[in-house]
Amino acid sequence: MTSSHRLLLENAQQVVLVCVRGERFLTGSALRSLAVLEGASVVVGTDGLIKAVGPAAVIQSQFSGETFEERIDCSGKCILPGLVDAHTHPVWAGERVHEFAMKLAGATYMDIHQAGGGINFTVEHTRQASEEELFCSFQQRLQCMMRAGTTLVECKSGYGLNLETELKMLRVIERARRELHLSLSATYCGAHSVPKGKTAVEAADDIINHHLPRLKELSRNGDLHVDNIDVFCEKGVFDLDTTRRILEGGKKMGLQINFHGDELHPMKAAELGAELGAQAISHLEEVSDEGIAAMAAARCSAVLLPTTAYMLRLKQPRARKMLDEGVIVALGSDFNPNAYCFSMPMVMHLACVNMRMSMPEALAAATINAAYALGKSHTHGSLEVGKQGDVIIINASRWEHLIYQFGGHHELIDYVITKGKVIYKK
């Protein structure tokens with residue numbers, strides 16, 4: 001009896017598997033060269049999961065006589081896993097292009113923040129925006145990410161700072177999760193900044209006593225699906241003690257800890273995250289040597305954000321030191337009004353040039369390790385049998401072109417596929 005499958009991608013010049021043994025993440029020497037097949041094919045089943053990956057001739061004989069809803073000839077092209085963006089702030093209203101001009105004229109992030117700009121400016125506009133307006137702009141941003149090859153995106157709230165607006169943002173993310181083709185990981189980031197008129201301690205109390213119980217209730221009823229909890233642990237924002245209290249509150253209700261730490265000042269955030277069993281810590285421009293060692297030992301991933309260091313002219317995160325110490329290094333775009341970049345190929349390029357990562361290290365950081373940072377590397381981040389059929393096809397004879405061609409992803413990416421369905425075709 002012939003069985004039917006959703007998709008056959010045949011005869012690719014290269015198929016980048018990233019992993020071959022079900023690894024949940026890659027570190028150290030495993031990053032020197034990724035698993036790549038030459039002259040290979042991929043089969044995705046009607047359930048949206050990968051059924052087979054292997055040499056084209058083997059796949060052809062194994063599936064001869066079977067039917068496919070769609071076949072794509074990938075001769076001369078490369079197949080890669082869909083990219084994973086491990087850190088974004090994609091739901092907001094209120095452009096901040098004027099602040100970019102201020103930064104170029106010499107203002108720092110904190111200068112703008114203290115003058116009522118930055119997060120505060122976006123919070124005002126996001127509070128005023130309707131849910132429908134926020135959903136429409138969010139949907140457009142996700143489309144831009146998808147066209148740049150991203151198929152799994154971490155999405156934070158955090159421009160409400162009051163319960164009502166934080167929930168409005170999380171409902172927008174939930175609606176997109178249900179209606180759109182991309183996979184999303186939702187992060188509650190009510191502790192993104194201290195709201196006007198409150199101290200950090202008062203803000204933390206409000207989050208622990210009011211926000212988290214309400215989130216728990218909405219999650220239990222199936223109204224909202226939240227995966228992670230985030231805090232901006234920073235001098236003048238949330239200190240180590242308030243950060244600990246909020247993160248522990250989130251962990252108690254089953255959220256993964258995934259927070260901003262050691263960005264502008266050394267705060268010992270990495271040490272705290274390792275101690276609390278955090279899944280991931282982002283930024284880490286100012287992380288200590290002890291923090292790096294603690295993260296490696298705790299298998300807490302480092303989500304590095306090359307766009308932020310580049311646009312804010314911060315010192316670069318010490319990616320080489322982290323990689324050499326065995327930290328699980330992931331990448332994110334940090335898409336937000338302060339760092340407006342949708343493109344993981346550009347993020348990988350910046351990671352290679354400015355943070356001295358190799359191309360295999362950067363691709364692993366934008367696939368399997370970024371999926372690990374979101375607790376999803378058992379289903380996403382590599383092309384292995386049983387994983388979700390999220391794939392990009394690029395029109396180049398070697399996969400490295402995706403990183404090498406700076407800003408060239410629009411021309412390179414021919415197809416973006418999620419669960420075996422083509423969602424973008426150039």
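Here are a few notes on this predicted model, point by point.

1. Start with the salt bridges, of which the structure holds 25. Side chains of opposite charge can pair when their charged atoms come close. Have a look at Arg-175, whose side chain meets that of Glu-132 at 3.0 Å, N to O. This pair links distant parts of the chain: Arg-175 sits in helix α6 (residues 163–179) and Glu-132 in helix α5 (residues 131–147), 43 residues apart.

2. Arg-175 also forms a salt bridge with Glu-179, again at 3.0 Å, N to O. Here both partners belong to helix α6, four residues apart, or about one turn of the helix. An α-helix has 3.6 residues a turn, so residues three or four places apart point the same way.

3. Now find Lys-315 and Glu-286, whose side chains make a salt bridge at 3.3 Å, N to O. Both are in loops: Lys-315 between α11 and α12, Glu-286 between β11 and α10.

4. Helix α13 (residues 344–354) is mostly covered, with eight of its 11 residues buried. Among them are Met-344, His-349 and Cys-352. Ser-343 caps the N-terminal end of α13, with a side-chain oxygen 3.1 Å from the backbone nitrogen of Met-346.

5. Finally, check the surface for a nonpolar patch: Val-97, Phe-100 and Leu-104 together have about 300 Å² of accessible area. Leu-104 lies in helix α2 (residues 97–104).

Conventions: Residues numbered from 1 in each chain as written. Predicted model: local features only at pLDDT ≥ 70, side-chain atom pairs only at ≥ 80, totals over all residues. Heavy atoms only, no water. Patch = residues over 30% accessible without salt bridge, like charges linked within 9 Å, V, L, I, M, F, W, Y side chains within 5 Å. Areas by Shrake-Rupley, 256 points an atom, 1.4 Å probe, with all protein chains shown as cover. Salt bridge = Lys/Arg side-chain N within 4 Å of Asp/Glu carboxyl O. Helix = DSSP H or I, 4+ residues; strand = E, 2+ residues; numbered from the N terminus. Buried < 20%, exposed > 50% of the residue type's maximum accessible area, 1.4 Å probe, protein only. Polar contact = N/O pair within 3.5 Å; in protein donor to acceptor, adjacent residues only side chain to side chain.
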